[in-house]
Amino acid sequence: MPAELLRVENLQKFFPVTQGLILMKTVGHVRAVDGINFAINEGETLGLVGESGCGKTTTSKLILRLEEPTGGHIYQDGKDIQTFKGQELKDFRTQVQAVFQDPWSSLSPRMKVKDIVAEALVVNRNVTATEARDRVREVLEQVGLAPEAADLYPHEFSGGQRQRIAVASALASSPKLIILDEPVSALDVSIRAQVMNLLVDLQAETGVAFLLVAHNLATVRYMAHQTVVMYLGKIVEHGPTEKLYNDPQHPYTRALFSAALPAHPDEQRDEIVLTGEVPSPINPPPGCYFHPRCPVAMDRCSQEEPVLKDHGDNHLVSCHLYD
C-alpha cells in the first residue's frame, strides 16, 4: 500500500463579490471550492475532472499556495502547508511542482532552456553551477531532448518539445508531487499520446506522484489511478479509475461520461441530456447542488445535502439514491 503524500481536508475557497467603485461592499461570495476531501499517495496519479468552473484549477492553486484557502487544511507528510515559512517553505516549493496547460506562455521567452529548467533548483536549494548544469543535462535526457537544447530559447522548439521542457523544469528539483493542469490539451492530437506516455514512464522511473487536472476523460482514464469528479466546487464521486469509469454511480458522472466521445465508433451508449444551466456559485441551490438538473431528483434532494459515502471498494458517492 503506497504511503500518503498529501491530504486535503474540508478545503474551501470563496472569492468575494463586491459592488460599488468608491465605497465597495461585499454582496456575496463565489464558492469556487466548497469543502472537499481527498488524498494523493506516493507514486500515484489522482485525476480531477468536471465542467469548466467546477473548482479544479482553484484546487490546484491552493495546493501550490498560489491562493490562500478560506477554510480547511492541506497536509503534506502530516504538516499543514499554511504554516510553512522560510526554509520549510523553500523545501515545499522543491517538493511540489507544476506543469501548466499552455507551453507557449508558461516558459519565459527571455530565458534559455538551461535557466528555465534550473530555476526551481537554484532558487530553493544551495547548488553549485556545476551541479545545476549536470542536473539540467540529466532531466533533459529524461524527457527525450538532446543536451544541446539547454543553450536554446523556447521559441526554437515545437509545442510538444516546449511541454517536454516544462516537464523537465518540474522534474529538476526531484519533487514528490507534480500538478499537471491540462498538460496535453493545448497540443496537437498527434503528439498528445507522446507526452502522456512520457509522463507515465517518468512516474514509473522516478516514483513522482501526479495531480492531473483535465477535461479530457480519456487522458484521465489512461493516466490516473484514482479519479475525483467535481461539480460546483464539491466532490460528487471519487474512486479507483477503472471502477469509476466502468460503473459510474452519480447521475452527474453518468451524464459527463455519456457526453464524451466513445473509444470506438461502433460503441453504443445511452446519451444523457441535462436540462438547464449550471447554477451560479454565488447562490447555489439548497440541498444537492445538482438537483435542479438531475434526471432522477427526489424531493429530499432539494432540501438535504448528501454526504460523500463509501459504497464499497473505496468508491465514494455523494447522492441520496444510495442511502
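Modeller: Ile178 stands opposite Phe210 in β8. The model is predicted.

Colleague: How do you know that β7 and β8 pair?

Modeller: Pairing requires at least two bridges between two strands. Strand β7 (residues 177-181) and β8 share 5 bridges in the parallel sense, so they meet the criterion.

Colleague: What makes the unit of β7, helix α6 and β8 right-handed?

Modeller: With the strands pointing away from the viewer, a right-handed path from the first strand over the helix to the second runs clockwise. The β-α-β unit of β7, helix α6 (residues 189-206) and β8 is right-handed, so its path runs clockwise in that view.

Colleague: Why is strand β8 called mostly covered?

Modeller: A residue is buried if its relative accessible area is under 20%. In β8 (residues 209-213), 5 of the 5 residues are buried, so each of them falls under that cut-off. Ala209, Leu211 and Val213 point one way from the strand, and Phe210 and Leu212 the other way.

Colleague: What makes β3 a partner of both β8 and β9?

Modeller: Two strands pair if at least two bridges are found between them. Strand β3 (residues 45-49) has 4 bridges to β9 and 4 to β8, both parallel, so each pair qualifies. Gly47 stands opposite Leu212 in β8, and its bridge partner in β9 is Thr227.

Colleague: How do you know that β9 and β10 pair?

Modeller: The threshold is at least two bridges; β9 and strand β10 (residues 234-240) have 6, in the antiparallel sense, so they pair. Tyr231 stands opposite Lys234 in β10.

Notes:
Residues are numbered from 1 along each chain as its sequence is written. This is a predicted model: local features need pLDDT of at least 70, side-chain atom pairs count only at pLDDT 80 or more; totals for chains, interfaces and linings use all residues. Side-chain values use heavy atoms; hydrogens and water are left out. Helices (H or I, at least four residues) and strands (E, at least two) are DSSP runs, numbered from the N terminus. Buried means under 20% relative accessible area, exposed over 50%, partly exposed in between (1.4 Å probe, protein chains only).
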